[in-house]
Amino acid sequence: MDTAARSYLDHNATSPVRPEVAAAVARALNLPGNPSSIHAEGRAARHALQEARARLAALVGAAPERVVFTSGGTEAANTVLSGALRRRGCPAPTRLMISATEHPCVAAGHRFSDEAVETLPVDAGGTLRLDALAARLDACRDEAVLISVHAANNETGVVQPLAEIVRLTRAHGRALVHSDAVQAVGKIPLSLDALGLDALTLSGHKFAAPKGVGALVLAEGVTLETAFLRGGGQEARLRCGTENLLGIVGMGEAAEIARIALDAEAVRLAGLRDALQNRVRALAPDAVVFGEGAARLPNTLSVSVPGLEAATALIALDLANVAVSSGSACASGKVARSPVLAAMGVSPALAVGALRVSLGWNSGDADLRRFLEGFERVVSSLYQRRGQAA
Ligand SMILES: Cc1ncc(COP(=O)(O)O)c(C=O)c1O
């Protein structure tokens, strides 16, 4: 595919691998040894593994030895939510509290019984209702609770108040907090230790590393009662099996680039996103931007124009060489009503038009122009049809 002729604006689905990352992966291809081996080849592979671990740990504010490499965000979140997460001195959690806008790897990826799960509401802007969390924690004083709230939403980009969430749970005393930080890592500053989280999950392909690699990061004093995979003792015995060295080295490189560029890139992307949002509004004055009043990732715009079907718009934009997504890209291929927008109280008629534009490291003005040309054609034909119908 001639990528130069296309504008890829779907970074929340997957952010294309950066050239520097591809080069690091290519170099790792020449590491012949197994990281567990004692000889020089093994030591070189182990060095690359540990360098990547340190780089990733620096991005998420944790000690390197607290990083457990996995195959991605889904594997890490599923394992945490299997009930295996433990904190020293805290009983095993018997109740799970999640927000109503979690990714399916949390909402459908846990192993708690239906009666033991509480789904906490979000407000119209998509932010977790802290009053609801406080009330439920109060009602469950005698229980050990696992709370899982994502750091940022994949569809709307809405950022959750993790510091406040952790503060509330501290008062409870027997609550563990996990965050699916897959969409936030590499896009906004986030520190496991500074926030006081017990665990977070992340995924390399959301910040320009290869697909199929991620990590679980555990706070000091927190561990898993049951390992992800048992065997040869890798990853502090928590996730055995020879490591995906190529993916891990790529993720380490991507983490280092993201860490160094984080602040400047957030400002650049927010500028592009806000300009895009303004132009979209100018072309479609009745457009509704989801999560507009809330804290949002700098790269994400989720928008719907009444009467516009996202599926139709997506195809028209694809033909105009622009890749965006409707609702959640993880469920792409089917345009079902988004549970995230439903939880925010968005009507089904409006939700069916939700288009998600997510920018990233290779997005620039030319991509915005191409999107806006395609979008203008789509909305002017909608307004024409509306005019005829009137
Ligand atoms: C918020 C969120 N969590 C988890 C995942 C799953 O991550 P992975 O694709 O690495 O399994 C995604 C992927 O889209 C996501 O957006």
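Guide: Two strands pair if DSSP finds at least two bridges between them. Strands themselves are DSSP runs of E, at least two residues long, numbered from the N terminus. Keep in mind that this is a predicted model, where local features need pLDDT of at least 70, side-chain atom pairs count only at pLDDT 80 or more, and totals for chains, interfaces and linings use all residues. Residues are numbered from 1 along each chain as its sequence is written.

Visitor: OK, so in what sense do β12 and β15 pair, and over how many bridges?

Guide: Strands of a sheet pair through backbone hydrogen bonds, either parallel or antiparallel. Here β12 (residues 300-304) and β15 run antiparallel, joined over four bridges.

Visitor: What order do the strands of the open sheet have?

Guide: There are four, in the order β11-β12-β15-β14, with antiparallel pairing. The edges are β11 (288-289) and β14, each pairing on one side only. β11 meets β12 over two bridges, with Val288 opposite Ser304.

Visitor: Which way do the residues of β15 point, and are they buried or exposed?

Guide: In a regular strand the side chains alternate between the two faces of the sheet. In β15 (residues 355-358), Leu355 and Val357 point one way, Arg356 and Ser358 the other, and all are buried. Buried means 20 or more other C-beta atoms within 10 Å of the residue's own, with C-beta atoms placed from the backbone; exposed means 12 or fewer, and partly exposed is in between.
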